[in-house]
Amino acid sequence: MTISTFDLFKIGIGPSSSHTVGPMVAAEQFAAGLVAKKLLADVARLKAEMFGSLGLTGNGHGTPKAVVLGLMGEKPSSVDVDRVGEIIADVTANNHLYLLGDEGKTITFSMEKDIVLHRRKTLPFHANGMRFTAYNDTGDEIDSRAYYSVGGGFILDESEAENGVIMEDDRKEPYPFDSGAELLALCKEHNFTIAELMMENELANDTRENIRAKLDELWDVMKACVQRGYEQEGILPGGLKVKRRAPGLYNELKGRYAEATDPLAVLDWVTLYALAVNEENAAGGRMVTAPTNGAAGIIPAVMHYYMDFIDGADQVGVRDFLLTAAAIGMLYKKNASISGAEVGCQGEVGSACSMAAAGLTSVMGGTPNQVENAAEIAMEHHLGLTCDPVGGLVQVPCIERNAVASVKAIHATRMALHNDGSSHVVSLDKVIKTMKETGRDMKTKYKETSRGGLAVNVIEVPINIIEC
């Protein structure tokens with residue numbers, strides 16, 4: 001299985017990679033399949049069914065909107081986020097949908113009747129299952145296909161799921177690795193940093209110029225998301241009435257810490273960066289899935305810390321940070337999971353914290369062994385973290401978790417840099433294995449169902465939000 005840096009880091013929209021980006025991609029893929037099978041002309045109606053976690057928390061995560069956008073041919077990386085409300089309002093008011101946009105056809109479509117959120121049904125392979133079915137004008141089924149959103153915006157169709165395929169392509173990888181031990185051995189054998197090894201793998205399929213441009217684009221989107229996040233004031237959508245805090249914190253930091261008299265002020269800036277991203281994500285804005293939307297604020301926050309507070313930080317470091325972080329993310333994707341619906345929030349915030357710690361350690365001059373140590377420390381102290389979004393919204397406790405995890409990533413880096421990286425008791429591979437086993441043992445109600453934890457103990461939440 002070959003995973004690219006640009007599979008883990010994808011430009012998309014909020015609020016969820018599993019529940020927004022994944023369903024949007026799957027819906028577009030199903031619609032495109034109707035064209036490929038020469039069935040588009042016969043389509044009169046479509047039904048989209050969401051199962052498991054998608055059914056339980058789909059409304060709070062924007063899944064119905066994502067499905068509509070995907071069926072209309074929109075892609076997470078290019079959809080105009082400022083027009084999403086207008087597009088959905090048109091579909092809702094007129095009960096029609098432009099299947100595949102201008103190049104497709106108009107069909108009758110009711111968001112209320114044709115998108116079904118099953119609260120107690122699941123599909124066999126994964127908690128985030130969905131099925132799309134097309135009918136002709138006499139009501140006969142003409143095509144149907146199941147998909148699974150397996151975390152980070154990755155999707156599998158039913159045949160891939162049945163064959164146990166996570167990703168299938170013909171990309172080359174001169175230095176393949178499936179474990180942290182293999183990664184470190186390759187770096188030692190070839191005298192590579194982790195970033196250098198990752199670059200060599202990417203170069204097998206693309207030019208250095210293109211790879212650098214794509215890495216720079218990811219950083220540009222992250223920076224734009226942070227800026228938009230601290231510029232946009234107001235209340236986040238969904239009914240919890242969560243106020244955006246990033247704008248106020250930004251204004252406070254500009255004033256109170258203008259002369260940096262507080263030695264811990266840097267932590268407030270890191271908090272700001274994370275809050276800005278995750279509030280923007282919660283509002284459905286443009287961001288980078290890193291490796292998921294629910295944990296998207298951690299890597300940008302730590303990268304901003306590097307660029308704003310570390311002497312000698314530069315664009316080369318930004319690229320090395322992302323490449324190193326991606327290498328660690330691949331290990332979680334291959335050997336455990338980055339899906340909150342599968343292993344809880346340890347798979348999202350924990351993985352992102354681990355990736356960020358690895359990236360920061362690398363650009364701070366850490367050896368591959370120290371990078372591995374930092375990644376392990378960061379995940380070790382997220383083991384067992386549940387995914388319990390209040391009201392099914394990626395807001396409480398998700399936004400604050402990103403801020404706390406960003407600081408933990410920096411702390412993990414500093415701990416690792418004070419060690420030689422080779423004498424720690426717990427390896428990254430062992431902690432990834434433990435995370436997977438912990439997720440398997442975790443009760444379903446703590447895995448993005450909004451049926452346990454804070455999701456049921458925050459009594460101020462209106463019952464209609466929990467039941468949506």
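Figure 1. The model is a predicted one, in which local features need pLDDT of at least 70 and side-chain atom pairs count only at pLDDT 80 or more, whereas totals for chains, interfaces and linings use all residues. Residues are numbered from 1 along each chain as its sequence is written, and side-chain values use heavy atoms, with hydrogens and water left out. Helix α4 covers residues 63-71, and eight of its nine residues are buried, so the helix is largely enclosed by the rest of the structure. Buried here means under 20% relative accessible area, exposed means over 50%, and partly exposed lies in between (1.4 Å probe, protein chains only). The buried residues of α4 are Thr 63, Pro 64, Ala 66, Val 67, Val 68, Leu 69, Gly 70 and Leu 71.

**Figure 2. The largest nonpolar core and the surroundings of Phe 177.** A nonpolar core is a set of buried Ala, Val, Leu, Ile, Met, Phe, Trp, Tyr and Cys residues joined through side-chain atoms within 4.5 Å. The largest such core has 106 residues, and Phe 9, Phe 177, Ile 299, Leu 322 and Tyr 332 are the members that touch the most others. Helix α14 (residues 315-335) gives the most to this core, with 11 residues. Apart from this core lies another, of 37 residues, which includes Ala 31, Leu 34, Leu 39 and Val 67. With contact taken as heavy atoms within 4.5 Å, and with neighbours within four places in sequence left aside, Phe 177 is in contact with Glu 182, Leu 183, Leu 186, Leu 197, Met 198, Asn 201, Ala 327, Met 330, Leu 331 and Lys 334.

**Figure 3. The five-stranded sheet and the hairpin of β7 and β8.** The open sheet has the strand order β5-β2-β6-β7-β8, with mixed pairing; two strands are taken to pair if DSSP finds at least two bridges between them. Its edge strands, β5 (115-117) and β8 (154-157), each pair on one side only. Strand β7 (residues 141-151) runs antiparallel to β8 and is joined to β8 by four bridges, and Ile 155 of β8 is the bridge partner of Ser 149. The hairpin of β7 and β8 has two residues between the strands, and within this hairpin Gly 152 takes a positive phi near 70°. From β8, Phe 154 and Leu 156 point one way while Ile 155 and Asp 157 point the other way, and all of them are buried.

**Figure 4. Ala 295 in its loop.** Ala 295 has its place between β9 (286-289) and α13 (298-309), and it is buried, with a relative accessible area of 0%. Leaving aside neighbours within four places in sequence, Ala 295 is in contact with Ala 290, Glu 348, Val 349, Ala 352 and Asn 402. Asn 210 lies 85 residues away from Ala 295 along the chain, and the C-alpha atoms of the two are separated by 27 Å.

**Figure 5. Loops with backbone geometry to inspect.** Most residues other than glycine have a negative phi, and most peptide bonds are trans. The bond from Gly 14 to Pro 15 is cis, with omega near 10°, and Pro 15 is found in the loop between β1 (10-13) and α2 (17-36). The bond from Val 396 to Pro 397 is likewise cis, with omega near 5°, and Pro 397 is found in the loop between α17 (368-380) and α18 (398-417). Leu 100, in the loop between β3 (96-99) and β4 (105-108), has a positive phi near 65° and is buried, with a relative accessible area of 17%. Asn 191, in the loop between α8 (180-190) and α9 (194-203), has a positive phi near 55° and is exposed, with a relative accessible area of 67%.

**Figure 6. Confidence along the chain and the segment 459-468.** The mean pLDDT (the predictor's confidence in each residue, from 0 to 100) of the protein chain is 93, and 95% of its residues reach 70 or more. Over residues 459-468 pLDDT stays under 50, and for this segment the model has 18 contacts beyond four places in sequence.
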